[in-house]
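Here are my notes on the model you sent over. Please read them with the structure open beside you.

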Amino acid sequence: MSKTCLAATLVILGMQAAAADEKADLIRSAETAAPAAVSSEATIYGMGPDGKMQTLREGTNGYWCMPDDATTPSSDPMCGDANAMEWAMAWINRTQPPADKVGLIFMLAGGSDASNTDPYATAETNDNHWVTTGPHLMIMNATHLMQGYPSGPDPDTKMPFVMWADTPYAHLMVPVE
């Protein structure tokens with residue numbers, strides 16, 4: 001084997017090892033979002049280089065997890081059930097969430113700062129009521145069950161509250177610390 005061919009082979013092997021390490025890191029990050037009983041057997045999704053979701057690991061328990069989004073200001077891995085994925089896809093696509101399908105999302109590593117009033121805010125402004133959340137659960141698509149929980153723009157994030165109230169994407173935020 002020529003030196004050039006050997007060098008090219010070593011570069012390719014090095015790239016493959018780096019990609020495997022990166023994939024393992026993403027899976028470890030995703031697994032921090034939920035109890036091991038959920039995350040260890042969940043399907044793990046991540047964003048591919050093309051911006052589309054790709055499967056990093058197939059799961060067997062009906063749950064899914066996603067690693068921390070490095071573009072956000074804090075750690076925000078999450079895991080959820082199938083109903084929560086349907087809700088999330090409706091939010092992403094700006095469509096109506098599925099009726100009568102309550103979903104659960106774990107964010108036990110905490111969540112990035114976000115607007116409490118605008119589901120599509122990407123930065124803090126004077127009027128979008130930015131909140132900081134610690135480790136929490138989210139109950140999605142259960143608006144009829146959220147009566148009595150605070151739903152104002154500036155909640156105490158150490159207590160359960162409704163995020164994105166008065167939108168189709170209202171959900172209950174439940175701190176766990």
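The points below go from the overall fold to single residues.

1. **Basis.** This is a predicted model, in which local features need pLDDT of at least 70, side-chain atom pairs count only at pLDDT 80 or more, and totals for chains, interfaces and linings use all residues. Residues are numbered from 1 along each chain as its sequence is written, and side-chain values use heavy atoms, with hydrogens and water left out.

2. **Overall make-up.** The protein chain has three helices and 10 strands. Helices (H or I, at least four residues) and strands (E, at least two) are DSSP runs, numbered from the N terminus. From the N terminus on, the order is α-α-β-β-β-β-α-β-β-β-β-β-β. Of the 177 residues, 34% count as buried. Buried means under 20% relative accessible area, exposed over 50%, and partly exposed in between (1.4 Å probe, protein chains only). A contact means heavy atoms within 4.5 Å. Among contacts with a separation of 6 or more, 54% come from residues 24 or more positions apart.

3. **The sheet.** Eight strands make an open sheet of mixed pairing, in the order E2-E1-E3-E4-E5-E8-E10-E9. Strand E2 (53-57) and E9 stand at the edges with a single partner strand each, so one side of each has no neighbour in the sheet. The twist averages 30° from one strand to the next. Two strands pair if DSSP finds at least two bridges between them.

4. **Strand pairs.** E1 and E2 are antiparallel, over four bridges. Tyr-45 stands opposite Thr-55 in E2. Their hairpin has five residues between the strands, and Gly-51 takes a positive phi near 85° there. E1 and E3 pair in the parallel sense over two bridges, with Ile-44 opposite Cys-65 in E3. Strands E3 (residues 64-66) and E4 (residues 78-80) run antiparallel and are joined by three bridges. Trp-64 has Gly-80 as its bridge partner in E4.

5. **Helix H3.** Helix H3 (residues 82-93) packs on the sheet. H3 touches strand E1 (43-47), E3, E4, strand E5 (103-107), E8 and strand E10 (171-175). The direction of H3 makes about 90° with that of E5. Axes here are lines fitted to C-alpha atoms, for helices over the stretch in contact, and angles run from 0 to 180 degrees between N-to-C directions.

6. **Aromatic residues.** The whole structure holds six aromatic pairs. Rings of Phe, Tyr and Trp (its six-membered ring) pair if their centres lie within 6.5 Å; planes under 30 degrees apart count as stacked, over 60 as edge-to-face and the rest as tilted. Why is the pair of Trp-91 and Tyr-120 stacked? The ring centres are 6.2 Å apart and the planes stand at 20°, so the pair is stacked. Trp-91 lies in helix H3 and Tyr-120 in the loop between strand E6 (111-115) and strand E7 (130-133), so the pair ties together parts 29 residues apart in sequence. Trp-91 is partly exposed at 26% relative accessibility, and Tyr-120 is partly exposed at 25%. Trp-87, Trp-91, Tyr-120, Trp-164 and Tyr-169 form one aromatic cluster.

7. **Arg-94 on Tyr-120.** Arg-94 lies over the face of Tyr-120, at 3.6 Å from the ring centre. The test is NZ of Lys or CZ of Arg within 6 Å of the ring centre and within 35 degrees of the ring normal.

8. **Asn-141.** Is Asn-141 buried or exposed? Asn-141 is buried, with a relative accessible area of 13%. Its place is in the loop between strand E8 (136-140) and strand E9 (161-163). The Asn-141 side chain reaches the backbone oxygen of Lys-101 at 3.2 Å. A polar contact is a pair of N or O atoms within 3.5 Å; within protein, one must be able to donate a hydrogen and the other to accept it, and residues adjacent in sequence count only if both atoms are side-chain atoms. Beyond four places away in sequence, Asn-141 touches residues including Trp-87, Pro-97, Pro-98 and Ala-170.

9. **Thr-157.** Thr-157 is also in the loop between E8 and E9. A polar atom of its side chain lies 3.1 Å from the backbone oxygen of Thr-132. Leaving out residues up to four places away in sequence, Thr-157 touches Val-131, Thr-132, Thr-133 and Pro-175.
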